[in-house]
Amino acid sequence: MFDDLIMPPADKILSLMPIFRQDSRSNKIDLGVGVYRDASGTTPIPRAVREAEKRIHTAQTTKAYVGPAGDPVFCDLIGRLVFGEAAPWERIRGIQTPGGAGALTVLAGLISLARPGAAVHVPDPTWVNHVSILEDNGLRVVTYPYLDRRTGEVDFDTLLDHFSRSERGDIVLLHGCCHNPTGADPSRSQWQALAEIIAERGLVPLVDIAYQGFGEGLEDDAFVVRLLAGMVPEMLVSSSCSKNFGIYRERTGAAFILARNADRADAAKAQLTVRARVVYSMPPDHGSAIVRTVLEDPALAADWRAELDDMRSSILSLRQGLAASFRRFTNGSDYDFLAKNKGMFSLIGLTPGEAVMLREQHAIYIVEDGRINVAGLQASQIDTFAEAVLAVRGK
Ligand code: LMR
């Protein structure tokens with residue numbers, strides 16, 4: 001049965017994890033997988049999360065099943081965080097999922113059921129797993145131009161032009177904030193213009209919001225979700241708690257749909273729940289219990305928000321430090337985009353070969369498309385990193 005199986009290509013992000021662990025060089029720097037690290041290089045468990053875990057440990061009396069749609073209170077709390085209070089709640093439904101990838105998987109399954117073989121437009125570049133999940137669900141992936149590689153900003157005119165020619169009913173995957181891998185987000189007026197084209201041309205947005213709170217703040221980062229929810233009849237949203245709650249391995253997320261009316265929303269949610277049942281049966285509970293405990297307690301929620309604000313500020317100051325360092329070493333402004341990008345990631349502009357040189361010669365791990373996880377850097381490593389990048393580029 002397995003005789004004809006070939007080895008799949010390595011996952012560009014996750015394949016770096018074991019190689020990094022095995023690297024015995026003491027000066028090694030991991031800017032691969034997207035996790036936040038504090039000044040000591042640790043991915044911290046937020047204070048409010050630790051406290052919530054203690055409370056759950058004491059209060060929980062059973063580990064019996066919750067069900068395929070997960071905890072409805074968790075879904076409501078995350079829904080409000082993402083869509084805001086003023087959303088058309090009568091038309092929105094959500095289920096708890098194993099992380100953002102779980103949400104994308106059940107949403108892709110739902111799209112495939114509703115519209116077999118539909119075209120989903122994804123930005124070029126996008127998170128590698130987007131394409132895999134969509135294709136695995138029988139969807140047709142089309143790319144849309146996204147990044148102006150000369151400026152490091154969104155190539156907005158080309159992007160708008162692409163959508164002004166796409167077919168009615170096509171799905172448009174948008175990164176809600178902190179675009180992965182480029183860190184380049186549209187401005188508010190650009191989001192507005194894009195939302196108008198989407199509404200006008202009858203496109204269906206699928207918004208992946210995995211870094212809410214890391215760009216400009218919890219509320220501001222949800223701008224495009226909230227904008228679209230007031231403009232379009234139908235949309236899909238995948239949300240992740242991995243990064244903003246620091247509970248990566250607990251696999252906690254949610255999938256939401258906005259439908260034309262309450263009846264269609266109920267049907268879509270029921271089908272989404274069937275997808276969950278078929279793919280993983282039920283989502284794990286611990287992460288959602290943590291999130292619920294934090295958000296239901298005003299003091300814990302305030303502490304969580306404060307710690308998330310601190311994480312965002314620290315990434316911003318690393319970004320500014322990096323841009324300043326490159327400016328010093330190059331006497332130029334080519335890397336100023338690093339300070340403008342949002343969230344964890346930026347593309348540093350290296351070829352796959354140069355990314356390998358960075359790893360082999362300088363013990364610095366980045367994804368081969370040139371993506372760096374700025375949040376993985378420590379302030380003391382900024383100059384080392386900038387010098388190494390310039391060295392492998394021969395500049
Ligand atoms: C990343 O992009 O590094 C994260 O979203 C982790 C992952 O699953 O790829």
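**Close-up 1. Buried residues of helix 10.** Gly287, Ser288, Ala289, Ile290, Val291, Arg292, Thr293, Val294 and Leu295 are the buried residues of helix 10 (buried: 20 or more other C-beta atoms within 10 Å of the residue's own, C-beta atoms being placed from the backbone). The model is predicted: local features need pLDDT of at least 70, side-chain atom pairs count only at pLDDT 80 or more, and totals for chains, interfaces and linings use all residues. Residues are numbered from 1 along each chain as its sequence is written. Helix 10 spans residues 286-296 and is mostly covered, with nine of its 11 residues buried. Helices (H or I, at least four residues) and strands (E, at least two) are DSSP runs numbered from the N terminus. The cover over these buried residues includes helix 2 (47-59), helix 3 (72-83), strand 2 (92-97) and helix 11 (298-330), contact meaning C-beta atoms within 7 Å.

**Close-up 2. Crossing of helix 4 and helix 9.** The axes of helix 4 (residues 99-114) and helix 9 (residues 262-279) come within 9 Å and cross at roughly 120°; axes are lines fitted to C-alpha atoms over the stretch in contact, and angles run from 0 to 180 degrees between N-to-C directions. In helix 4, Thr105, Val106, Gly109, Leu110 and Leu113 meet Ala268, Gln271, Leu272, Arg275, Ala276 and Val279 of helix 9. The residues of this contact divide into seven nonpolar, three polar and one charged (nonpolar: Ala, Val, Leu, Ile, Met, Phe, Trp, Tyr, Cys and Pro; charged: Asp, Glu, Lys and Arg; polar: the others, Gly among them).

Close-up 3. Ile13, Val33, Gly34, Trp127, Asn129 and Asn180 are the residues around the ligand (C-beta atom, placed from the backbone, within 6 Å of it). This shell comprises three nonpolar, three polar and no charged residues.

Definitions and conventions. Buried ≥ 20, exposed ≤ 12 C-beta atoms within 10 Å, placed from the backbone. Contact = placed C-beta atoms within 7 Å.
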